[in-house]
Amino acid sequence: MDKLNYKDLFRTESYINGKWINGTDTFEVINPADGKCIANVADCSTEQAHYAIEFAHKAQKTWKKSIAKDRSKLLRNWYELVLEHIDDLARILTIEQGKPLAEAKREIQSGAAYIEWFSEEAKRIYGDTIPGPTDDRRVIVTKEPIGLCAAVTPWNFPSSMILRKAAPALAAGCAFILRPSSKTPLSALALAELADKAGFPEGVFNVITSKSHDIANILTEDDRIKHFSFTGSTEIGKKLMAQCASTVKRVSLELGGNAPFIIYDDANLEKALDGIVVSKFRNAGQTCACADRIFVQDGIYEEFLSGFKKRVKGLKLGSGLDASTTTGPLIDQAALVKIQKNMEDAVSKGAHIEIGGKVSELGGLYYEPTILTNVTEDMLVVKEENFGPLAAIIPFDDEDEVIAMANNTPYGLASYVYTNDLGRIVRTSEKLEYGMVGINAGNFSNETAPFGGVKHSGLGREGSKYGIEDYVEIKFILVSGI
């Protein structure tokens, strides 16, 4: 952190009501690359969380009345500051999360794009005038800020996940309270520093750092908070959703995935190989939208496997600060244990390790990029979200067979299809039970498109013109006696 150009981006206090606040205690933030403590960050108490809600609720009363053009300008300021400090923000992200610096920089760019997008959408929250039922009545529909919003964000994308939620909320006229992951709070605090510098009023944007799950409970159960957003596991998402029921607040959830990656025998194999490497091994496989199950049609199976092994052998594990690194460490010991458990289960049931399958000679949290064949649907590597650099390959014969296997999961976030057959593109994309389908693309997330899933993968959409809808209420006004 001593190499940061703008030292004020390295913050360890919470940011509440426009002020930097110490917690009642602190917790350690660990660099997964070497296991060393980076910082001791404020561990806020439940009393301090209530304090943050109180002041954010007061700020909401003024912020909701602000002019859309003024909100747009502030968001634009924030966007420009994020890009101005992209190198420092990427360095902070890499040190606390582990991903390669180039990946971290792309994440910052992606998050900034959401700020820019919603700075423009702030001025385009349109209502309607609807023809009335009689000639003396008019029907007017307006959209108003839903109110104070809160979010709990994950460690795997500790910058972009925040901005995908905060930007539309602020654009719509909603004050915002964030509780970032305790594994990666430094990126959130750096963004708060830039939000402060951008000129947001006190109490409009707040970051509560804490290791306690009680903070999330408070955010879900306080009636002053009208919208709650969460990105994380389906298990935790269901619990938080249940807690939100007591106050009937609106909920946005981006939860677990178990993405199928389907490669038909008429696909451009080189492009498919490029796409699967990006999808599977980006962020060491620690993404909710990454390919967990790779389905390859029989006619190209052997050729694909040969090409895939060659590409995976070319990946290099190491510290994200090393420019030659392609794949960083897992986030913590629990993530490593999960991968090892799923591997042991697969091998015990007959899976074959083509490459990898063990902790790297680097030790620590570095797990070798792994390819498994002879995979069957009863294995954990197929049934669960692996969240690691583990690629399970399954051959298939025909279209109906692979679609049935792809849909055989409670999850429905992302899916991928490689084919050059237009009819097959239409049929497969329509039959896949997923919120997103990437055709001949291994990574399709961007600010212009609605990101989100179906089934147990969540509710709502982030990004695009649809992303601001979760942060507004529709009001119907009937004018009579005209």
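**Questions on a predicted chain**

The accessible surface of the chain in this predicted model comes to about 19,100 Å², and carbon and sulfur atoms hold 51% of that surface.

Q: How many helices and how many strands does the chain have?
A: The model is predicted. Its secondary structure includes both kinds of element, and the count is 14 helices and 22 strands.

Q: Why is the chain as compact as a globular protein of that length?
A: The globule rule gives 23 Å for 482 residues. The chain is as compact as a globular protein of that length because its radius of gyration is close to that value, at 23 Å.

Q: What percentage of the contacts with a separation of 6 or more is between residues 24 or more positions apart?
A: The C-alpha atoms fill a box of roughly 70 × 60 × 40 Å along the principal axes, and 57% of the 482 residues are buried. Among contacts with a separation of 6 or more, the share from residues 24 or more positions apart is 73%.

Q: How many Å apart are the mean positions of the positive and negative charges?
A: The chain carries 55 positive and 65 negative charges. The distance between their mean positions is 4 Å.

Q: Which residue does UniProt list for "active site", and in which strand does E254 lie?
A: The UniProt entry, which is unreviewed, gives E254 under "active site". That residue belongs to residues 250-254, which form strand β11.

Q: Is E254 buried or exposed?
A: The relative accessible area of E254 is 3%. A residue under 20% counts as buried. Leaving aside neighbours within four places in sequence, E254 has contacts that include M161, R164, C288 and S457. With its 3%, E254 is therefore buried.

Q: Which elements do the buried residues of α7 pack against?
A: Helix α7 spans residues 214-221, and its buried residues are I215, A216, I218, L219 and T220. These buried residues pack against α1 (46-63), β7 (149-152), β8 (176-179), β10 (227-231) and α8 (234-244).

Q: Is R311 buried or partly exposed?
A: R311 is part of helix α10, residues 301-313. Its relative accessibility is 25%, and the range for this class runs between 20% and 50%. R311 therefore counts as partly exposed.

Q: Which residues does R311 touch, not counting residues up to four places away in sequence?
A: L170 is 141 residues from R311 along the chain, and their C-alpha atoms are separated by 43 Å. The residues that R311 touches, beyond four places in sequence, are E270, L273, D274 and V277.

Terms used. Residues are numbered from 1 along each chain as its sequence is written. This is a predicted model: local features need pLDDT of at least 70, side-chain atom pairs count only at pLDDT 80 or more; totals for chains, interfaces and linings use all residues. Side-chain values use heavy atoms; hydrogens and water are left out. Helices (H or I, at least four residues) and strands (E, at least two) are DSSP runs, numbered from the N terminus. The radius of gyration is taken over C-alpha atoms; the globule rule is 2.2 Å times the number of residues to the power 0.38. Buried means under 20% relative accessible area, exposed over 50%, partly exposed in between (1.4 Å probe, protein chains only). Contact means heavy atoms within 4.5 Å. Accessible areas come from the Shrake-Rupley method with a 1.4 Å probe; for residues, only the protein chains shown count as cover. Lys and Arg count as positive and Asp and Glu as negative; His and the chain ends are not counted. The place of a charge is taken as NZ of Lys, CZ of Arg, CG of Asp or CD of Glu. UniProt positions are given in the numbering used here, feature names are shortened, and annotations may be inferred rather than shown by experiment.
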